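Please read the points with the structure open.

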Amino acid sequence: MRVGVLTGGGDCPGLNAVIRAIVRKGTQNYGYDFVGFREGWRGALEGDTTHLDVRAVRGILPRGGTILGSSRTNPFGSADGVRRIRDNLAKHEARALVAIGGEDTLGVASRLHEEYGIPCVGVPKTIDNDLSATDYTFGFDTAVNIATEAIDRLHTTAESHMRVLVVEVMGRHAGWIALHAGLAGGANAILIPEQRFDLDQVCEWVESRFKTRYAPIVVVAEGASPKGGEAVLKDDSLDSFGHVRLSGVGEWLAKQIERRTGKEARTTVLGHIQRGGTPSAFDRWLATRFGLHAIDAVYDGDFGTMVALRGTDIVRVPLSEATAKLKTVDPGLYAEAGVFFG
Ligand code: F6P
């Protein structure tokens with residue numbers, strides 16, 4: 001039997017580890033062969049494929065990015081999208097499809113299975129860690145480690161110059177990266193999309209930090225917004241899933257802090273650095289296990305499911321449940337971090 005594999009949405013460290021595990025176990029244990037669809041749903045729509053076998057996945061475990069490429073193409077954006085995907089699966093004799101992606105990619109897989117009976121299994125990925133039904137997505141740990149290292153480095157330069165350093169991290173709807181890296185890096189304020197921040201309060205934290213003769217580090221998620229204001233956007237363009245391009249809140253915040261406190265403030269935007277490069281050991285472990293269990297789900301004919309981490313177990317959950325709502329930071333968890341603000 002042949003199985004199709006694709007990676008969609010923003011790339012994320014660990015994607016290659018999933019692909020490798022799927023192909024290795026699928027070939028060795030089940031005698032499957034594989035076809036890779038290039039650049040997510042675009043490849044499935046256009047029939048753009050690449051050969052995928054054990055040889056093709058040699059050496060890719062520690063490599064960042066995805067050997068299949070990725071895109072934010074939405075097949076439901078065109079009237080004949082579903083028909084084209086069905087035709088391409090048939091043409092390449094793929095009897096099942098493993099979709100590795102975040103909320104958008106898996107939302108498409110869920111609809112393709114539920115509404116059109118296309119046999120899909122999902123694997124959750126996103127550095128944002130905002131998929132419900134799984135304790136963690138791979139890519140998140142790597143992103144948190146990168147952001148934490150950046151914060152560590154920013155502390156020393158902030159203190160040498162006694163200036164405020166604002167660090168903008170990724171996190172469109174959820175502040176997981178900001179919260180984990182902010183706590184791990186000893187930030188003096190952490191601002192997340194789930195709770196609008198009070199600018200006066202942020203400035204008070206900044207000033208109180210200076211009183212103790214230390215320089216403040218403010219970690220802000222790109223989707224965070226001030227009370228009474230809107231999220232700061234890079235521009236107004238939308239991707240094919242209707243998302244705006246974020247980024248800019250860090251720069252905006254530094255200006256506001258400078259204006260209100262009179263202290264020099266600078267911004268570092270970590271951006272795609274958080275998504276690039278080699279995955280952490282934890283992400284390689286999680287991604288590998290997700291891949292092994294995803295191909296088991298294909299073998300069992302358990303379509304319309306997504307593999308998920310619960311504690312230390314990998315379980316299967318309905319794709320529809322996994323994509324129904326985002327996993328955001330619980331207010332109680334965020335409140336814990338408040339001890340260190342200011
Ligand atoms: O989906 C993950 C994410 O990292 C978001 O936090 C961020 O808003 C988005 O991707 C940016 O993606 P890109 O610039 O690659 O389109």
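The points below go from the basis of the model to its domains, sheets and helix contacts.

1. This is a predicted model, in which local features need pLDDT of at least 70 and side-chain atom pairs count only at pLDDT 80 or more, while totals for chains, interfaces and linings use all residues. Residues are numbered from 1 along each chain as its sequence is written, and side-chain values use heavy atoms, with hydrogens and water left out.

2. The chain is divided into domain 1 (2-138 + 279-322) and domain 2 (143-276); domain bounds come from an automatic or database domain assignment. The C-alpha centres of the two domains lie 33 Å apart. Across the boundary, 16 residues of domain 1 are in contact with 17 residues of domain 2, where contact means heavy atoms within 4.5 Å.

3. Strands (E, at least two residues) and helices (H or I, at least four residues) are DSSP runs numbered from the N terminus, and two strands pair if DSSP finds at least two bridges between them.

4. Met306 stands opposite Val317 of strand 13. Axes here are lines fitted to C-alpha atoms, for helices over the stretch in contact, and angles run from 0 to 180 degrees between N-to-C directions.

5. How do helix 1 and helix 9 cross? The axes of helix 1 (residues 15-30) and helix 9 (residues 281-299) come within 7 Å and cross at roughly 40 degrees. The two helices are therefore oblique to each other; angles under 35 degrees count as roughly parallel, over 145 as roughly antiparallel, 65 to 115 as roughly perpendicular and the rest as oblique. The crossing is right-handed, meaning that the near helix is turned clockwise from the far one by less than a right angle. Residues making the contact include Ala17, Ala21 and Tyr30 of helix 1 and Ala287, Leu292 and Tyr299 of helix 9. By class, the contact has 9 nonpolar, 3 polar and 4 charged residues. Ala, Val, Leu, Ile, Met, Phe, Trp, Tyr, Cys and Pro count as nonpolar, Asp, Glu, Lys and Arg as charged, and the others, Gly among them, as polar.

6. Another open sheet is formed by 4 strands in the order 7-8-6-11, with parallel pairing. Its edge strands, strand 7 (189-191) and strand 11 (265-269), each pair on one side only. Neighbouring strands are turned by 20 degrees against each other on average, direction ignored. Strand 6 (residues 164-169) and strand 8 (residues 217-221) run parallel and share 5 bridges, and Val167 has Val219 in strand 8 as its bridge partner. Helix 6 packs on this sheet, touching strand 6, strand 7 and strand 8, with its direction at about 170 degrees to that of strand 7. Helix 7 (residues 199-211) also lies across strand 6, strand 7 and strand 8, at about 160 degrees to strand 7.

7. Helix 5 (residues 140-161) and helix 6 (residues 176-184) have axes that come within 8 Å and cross at roughly 45 degrees. They are therefore oblique to each other, and the crossing is right-handed. Among the residues that meet are Phe140, Val144 and Ile151 in helix 5 and Trp176, Ile177 and His180 in helix 6. This contact has 9 nonpolar, 3 polar and no charged residues.

8. The axes of helix 7 and helix 8 (residues 249-261) come within 10 Å and cross at roughly 70 degrees. These helices are therefore roughly perpendicular to each other, and their crossing is right-handed. Residues that meet include Leu199, Asp200 and Glu207 in helix 7 and Trp252, Leu253 and Arg260 in helix 8. The contact has 7 nonpolar, 2 polar and 3 charged residues.
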